[in-house]
Amino acid sequence: MEASEESPQQRHIRAWAAAGDVHPARVVLRLDGPLDRDRLDAALSAVADRHGLTRAADGSGGGVLDTAVETTGPGRHRLTLALPALLADGRSLDLLAGDTADAYADAVTGGPALPEALPYAEFAAWQNALRDDEEAGGPRDFGRLRELRRTQRLPWEADGPAGPLARAAALLRPEESAAVEAAADALGATAADFLHACWTVLLWRHARTPEIVTGAVVDCRVYEELAPLVGACAKVLPVVGPVAEGDVFADVLERLRKAAAVVREELEFFAWPPDDAAEPAHPVWGFEHRAAPEPRTAAGVTFAEESRAVWSGPFTLLLRCEAGAGGLRLVLEHRTGQVDAGYAACLLEQFRSLAAHAAAAPRTAVGRLRADDGGEGPAAAGREGAWRAPRWCAHEQVAARAAEAPGRIAVTAGGSSLTYGELDAAANRLARYLAALGAGPESLVGVCLERGLDMVVALLAVHRAGAAYVPVDPHYPAGHIAAILGDTRLTVLLTDASAPREVAPAGLPAVRLDLERDAIGAHSAEPPGTVSHPDQLAYVLHTSGSTGAPKGVQISQGAFAAFLRAMSGTPGIGADDSLVAVTTLSFDIAGLELWLPLVAGARVTVAGRAEAADPRALAALLDSSAATVLQATPVTWRMLLSAGWPGSPRLTALVGGEALPPALAAALRPRVGRMWNMYGPTETTVWSACAEIDAAEPAQVTVGHPVDGTCAHVLDDRMRPVPVGMVGELCLGGLGVARGYLGRPGLTAERFVPDPFGCLPGGRVYRTGDLARRDPQGRLHVLGRADSQVKVRGFRIELGAVEAALARHPAVRLAVAVTAPEASGDLRLDAHVVPVEGAAVDPAALSAFLRETVPPAMVPSRIGILAELPLTANGKVDRAALPEVAAASAPPGPRTGAVSALERTVVGVLADALGVAEVGAADNFFELGGHSVLLVEVAARLTEELGREVGTLALLEHPTVAALAAHLGAADGRDAGREPPEAAADERDGGGRGDRAAGRDRLRRRRTMVEEH
């Protein structure tokens, strides 16, 4: 057939065939009975003749109608009929099967030959004439359909190529089908309309896009003379169905029925545009309802359909509903590269459930229709005995390890070490000292110490005294430290020279460990004899609060012990392991780093603050300590890779604290022996779920399954489980659930609620506020926050807390905190502020104001000034309309005063790294757009330029040019002061440009290497 004679349907198929999407039409018939093969062969030839087709009788595909017969047993055969997609649709296969049975009967009985059918060319000419009719209407806003197509994606679809077609099948029993038909009739609709609405609602439940576009497969044989026509006659009509949370099913059905009726009126005229395969407007989701062909008996042989395959359009998912005497057969066709078999099977089960419940209660809101698939129950882990609460406390296990191997090295820091025996004795002495000061069960002891041996001894001693510790990072701003101390009624505060002066409020005993060693050492090294119980408090750790004030999470000894027991099994740790601890004590994941090795009899090396912040120093520490385990946030792992760390096959990498980007997983996994993605909120004791990253598929990132003793529920707003693939709030229960928030019973009651599934008798679950879904394998996928809480550089931050802190500045009227992606893949914290009328607001001054009152992680990298905040129609801040906050630029014009050679070196490196023309002595690296990867680059470049080691911590603590130069000069004993303008001008105009250009080339090469990670 010439292209000019092709129908619009055929041209559409040919366009998609060129894109590799089309497959032939094929039906397989089961033949039961005494078959005469010669008569069957004659019948097949007669069928080909009737429809003007050539035939290949050997299954070789050499003709247009390809036929093959296979004997499968006595009196049993299988007949396959196949046609190119250009020449057949679903109805064509029904016609060919029926004609074959009729022709076989005629061949056996000597009946008349089948009459010739209408040539397809005449149908094509008619369709072309209708298409060319300029007055013909039709739903032809393909531009809008293209826009909608971009929103039509299920959140769990894979991003790979479409892949081959696969099918899943299920059955609605006759009584279930009858219920659907009765419900549809009562609503003035057909069963096809009803099922189409169910499919639309189910897709909406997964995609959550306000308009669902489905392609309805419709037969164009609308006239009697077209009924026997074999050929590509079907069309796919786009049906747009708006769906909203509060809609009742009956209303969605009515809207969809009317929308489908409108497009059906244009059935004869509608055609997809010629460029549809290049710029697709075709829906990705399809629906077809048809009557299943009944078995036919001819001359003692029963012809029954066994299977079929027909290309109906470039769908990712196509639901075919086939109504027959045995019920309603459901066939879900899916592209395996995008939808795997597990999800397809779950979708079918969910459809069956939703259709049944919609038939029983059609006035139910669509968001509340049940769509069960059998996978909605809680995910509970794990090994035998995992649900028995430990009857021991962590410090007791450390004592047991000390008794077993007192000479084994327990902890190393700053070049010094303690054996298990020494650690045990030091902890006992300090515990007795604390007990004399009033520390005991349920009392709180603040720990405001620099990272090192004293910190580890202090934690163990607090527990030996029966008390609970409250971590206080000595490098936090004084205002934040004061807020933590004000929230807790401490019995005593442990400090050292790193703590801010006068950190302890009046009346609070403060013990300077570095000054009172003799008094502490005078106490006995024997255990203090304090009775510990798993129900006692272990620690109170403060997280960001929505009002700006930190809130204290109370973790019991039993919850902490259950966590350590779970981690000992998975990911696992043994006495021969060596773990490097890098996390600040004020971050709950430090609990794993400091306690898990000691409970297991392993060795922990505590990285100093500078080592933990500098990737090259950290890499050296990993090597020198022969580390086998490192836990860190994605930011730290990315910094290690950016610094050229080659990895270690002996290392187990634990990644957590914020979402693990697939690209980082793919870059890190080949460099380590094992790799785990960890997930958990502070309120359920550090980690609640984990997944090992597969070396074969490192970019397939999930948080896996709950750890031992934890159950995970994905629930809707009524605390009911949501089906597989659908999004709900992740709620966690089990042994690790915290007591609640210190001194906040109302907030505790809101977030910690009774467990609706009873994983533990009388247990509670913590409502995490995280959105999640479960896949068919039961693995958890965490998708983000349902509220305004975010993770930035591993720290959990309430955007409301940042906004509250900004609003406390007298010149700020309104403030909105947002996150934005960095080129490195990190999230950046930004803010917009609206000044009070008549006030001038300087972003740098606001940043300085925040640094006095909140932790560094809560200081936005960029602050933008707006006259007003954009609002939605209901008066809320329209966050989608907020502009991107631009990086601060260096002030125009020449710098006032001259800078030293050291400052000019810093200026040159920062300007090259940030890609700006000029940087001033007072400019801030982070306010100009600096981030973690650039931090590593700048430190490496300064090391090259200055010929001495420059760590990233130096830039973190001294982010301006002048401050960094002064710090580096002081460290070197060099003069970082200002030079005469003439000297500065001479150097700027001289040969230094060549050195800077060479440095810039090195920086570009390094950045290219980083981006490859």
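In the predicted model, Phe249 touches Phe194, Ala197, Cys198, Val201, Ala358, Pro362, Thr364, Val366 and Leu369, leaving aside residues up to four places away in sequence. A contact here means heavy atoms within 4.5 Å. Phe249 also belongs to the largest nonpolar core, which has 90 residues. Phe194, Trp199, Phe249 and Leu317 touch the most other members of that core. A second, separate core holds 75 residues, including Leu423, Ala467, Ala559 and Phe560. A nonpolar core is defined as a set of buried Ala, Val, Leu, Ile, Met, Phe, Trp, Tyr and Cys residues joined through side-chain atoms within 4.5 Å. Buried denotes under 20% relative accessible area, exposed over 50%, and partly exposed the range in between (1.4 Å probe, protein chains only).

The model is predicted, so local features require pLDDT of at least 70 and side-chain atom pairs count only at pLDDT 80 or more, while totals for chains, interfaces and linings use all residues. Residues are numbered from 1 along each chain as its sequence is written, and side-chain values use heavy atoms, with hydrogens and water left out.

The chain contains 29 helices and 39 strands. These are DSSP runs numbered from the N terminus (helices H or I, at least four residues; strands E, at least two). Of the 1013 residues, 55% count as buried. Among contacts between residues at least 6 apart in sequence, 70% join residues at least 24 apart. The chain exposes about 40,200 Å², and carbon and sulfur atoms supply 53% of it. Areas were computed by the Shrake-Rupley method with a 1.4 Å probe; for residues, only the protein chains shown count as cover.

Mean pLDDT, the predictor's confidence in each residue from 0 to 100, is 88 for the chain. A value of 70 or more is reached by 90% of the residues. Over residues 890–898 the pLDDT is below 50, and this stretch has 18 contacts in the model beyond near neighbours in sequence. Residues 975–994 also have pLDDT below 50, with 28 such contacts.

His196 lies in helix α7 (residues 191–207). His196 is buried, with a relative accessible area of 5%. Beyond residues up to four places away in sequence, His196 touches Thr214, Ala216, Val239, Leu256 and Phe287. In helix α19 (residues 634–642), 9 of the 9 residues are buried, so the helix is largely enclosed by the rest of the structure. Among these buried residues are Trp637 and Arg638. Gly644, with a positive phi near 90 degrees, follows α19.

The structure holds 50 salt bridges, each a side-chain nitrogen of Lys or Arg within 4 Å of a carboxyl oxygen of Asp or Glu. Asp94 pairs with Arg290, with the closest N and O atoms 3.2 Å apart. This pair links distant parts of the chain: Asp94 is in helix α3 (residues 90–109), Arg290 is in strand β8 (residues 285–291), and 196 residues separate them. Both Asp94 and Arg290 are buried.

Glu404 and Arg401 form a salt bridge at 2.9 Å, N to O. They are 3 residues apart in helix α10 (residues 394–404), about one helical turn. Glu404 is exposed at 57% relative accessible area, whereas Arg401 is buried at 15%. Arg751 and Glu729 also form a salt bridge (3.5 Å, N to O). Arg751 lies in helix α21 (residues 745–751) and Glu729 in strand β30 (residues 728–734), so the pair ties together parts 22 residues apart in sequence. Arg751 is buried at 16% relative accessibility, and Glu729 is buried at 12%.

There are 17 aromatic pairs. Rings of Phe, Tyr and Trp (its six-membered ring) pair if their centres lie within 6.5 Å; planes under 30 degrees apart count as stacked, over 60 as edge-to-face and the rest as tilted. Tyr120 and Phe123 have ring centres 5.4 Å apart and planes at 45 degrees, so the pair is tilted. Both lie in helix α4 (residues 120–132), 3 residues apart. Tyr741 and Phe752 have ring centres 5.6 Å apart and planes at 65 degrees, so this pair is edge-to-face. Ring pairs also link Tyr469, Tyr539, Phe560, Phe563 and Trp595 into a cluster.
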